[in-house]
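Here is a set of questions and answers for a first look at one protein chain. The sequence and structure come first.

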Amino acid sequence: FSYEYRDLRVINTPQFNWVFDYQAYSLNLEFDYSLYRTFKLYDHSTHSWDDYQRFVTPNEQYVQDLGIELRDMAIANGYTSELDIANFILAFVGGIPYQYDIDGMGVNEYPKYPIEMLWEHAGDCEDAASLYISLVESIGFDGVLILLMVKPNENEDWAQSVRIC
C-alpha cells in the first residue's frame with residue numbers, strides 16, 4: 001500500500017474521446033495548473049498574421065509527450081504510415097469541442113497555446129491548428145500553419161468583419 005498527496009485543485013485530468021477510421025478512442029491526460037497558468041499569462045494579442053506562429057509550441061515537453069503517446073497509439077492500432085499517424089492525430093484534435101472565442105473567452109479573437117486548448121477542453125480553429133501543428137512537429141513531421149480570411153456569411157463583404165481561421 002502506498003499513497004501520494006495530490007492537490008486536486010491544481011490538477012486537471014480531462015478525458016479526450018475521438019473517432020478515427022470508425023473506431024472510438026479515448027485518452028486520459030493529466031496537466032498541472034502551473035503549466036497552464038504560465039501560458040495563460042503570456043501575451044495573446046495578435047497584430048499581424050505572423051503573430052499566430054508563436055502559439056505553435058512543438059518543443060514543450062508536454063506536447064512532445066502527447067505527440068509520442070498519440071503516435072504510439074496509432075501504430076499500436078495498425079496505423080503505421082506517416083499519413084495515417086498524422087490523420088490519427090488530426091482526429092484527436094478534431095475531437096476536442098469547438099468553442100468560439102466570444103463564448104469561451106468573452107472576446108472576438110483570443111488565440112490559445114496548446115496547453116490552454118487541452119486544459120480548457122475547447123477551442124476554435126486557430127487553437128486547433130496550433131495544437132495540431134505542435135503535435136505533428138513534436139514527432140518529427142513537417143507542418144505548416146496557414147491562415148485564411150473567411151467571410152462570416154455569403155452576404156458579407158470581404159472588407160467587413162473578417163474572422164481568421
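**Reading the chain**

Asp-84 has a relative accessible area of 27%, so Asp-84 is partly exposed. The model is a predicted one.

Q: In which helix is the place of Asp-84, and which residues does Asp-84 touch, not counting residues up to four places away in sequence?
A: Asp-84 has its place in helix H3. Leaving out residues up to four places away in sequence, Asp-84 touches Phe-20 and Tyr-79.

Q: What pattern does the chain follow when read along the sequence?
A: The secondary structure comes to 6 helices and 6 strands. Read along the sequence, these elements follow the pattern β-β-β-β-α-α-α-α-α-α-β-β.

Q: What percentage of the residues in the chain is buried?
A: The chain has 165 residues. A residue counts as buried when its relative accessible area is under 20%. By that cut-off, the buried part of the chain is 39%.

Q: With which residues is Phe-88 in contact, leaving aside its neighbours within four places in sequence?
A: Leaving aside neighbours within four places in sequence, Phe-88 is in contact with Trp-18, Phe-20, Tyr-25, Leu-70, Met-73, Ala-74 and Tyr-79.

Q: Is H2 roughly parallel or roughly perpendicular to H6?
A: The axes of helix H2 (residues 61–76) and helix H6 (residues 125–138) come within 8 Å and cross at roughly 75°. Angles of 65 to 115 degrees count as roughly perpendicular. Therefore H2 is, relative to H6, roughly perpendicular.

Q: How many nonpolar, polar and charged residues are in the contact of H2 with H6?
A: On the H2 side, Val-63, Gln-64, Leu-66, Gly-67 and Leu-70 take part, and in H6 they meet Ser-134, Leu-135 and Ser-138. Sorted by class, the contact has 4 nonpolar, 4 polar and no charged residues.

Q: Is Tyr-22 buried or exposed?
A: Tyr-22 is found in the loop between S2 and S3. Its phi is near 65°, a positive value in a residue other than glycine. With a relative accessible area of 82%, over the 50% cut-off, Tyr-22 is exposed.

Q: What is phi of Asp-21 near?
A: Asp-21 is found in the loop between S2 and S3. At 48% relative accessibility, Asp-21 counts as partly exposed. Its phi is positive in a residue other than glycine, with a value near 55°.

Q: What distance separates the C-alpha atoms of Glu-30 and Thr-13?
A: Glu-30 is found in the loop between strand S3 (23–28) and strand S4 (31–32). Glu-30 counts as partly exposed, at 46% relative accessibility. Glu-30 and Thr-13 are 17 residues apart along the chain, and their C-alpha atoms are separated by 4.4 Å.

How values were computed: Residues numbered from 1 in each chain as written. Predicted model: local features only at pLDDT ≥ 70, side-chain atom pairs only at ≥ 80, totals over all residues. Heavy atoms only, no water. Axes fitted to C-alpha atoms, helices over the stretch in contact; angles between N-to-C directions. Helix = DSSP H or I, 4+ residues; strand = E, 2+ residues; numbered from the N terminus. Parallel < 35°, antiparallel > 145°, perpendicular 65-115°, else oblique. Contact = heavy atoms within 4.5 Å. Nonpolar A, V, L, I, M, F, W, Y, C, P; charged D, E, K, R; others polar. Buried < 20%, exposed > 50% of the residue type's maximum accessible area, 1.4 Å probe, protein only.
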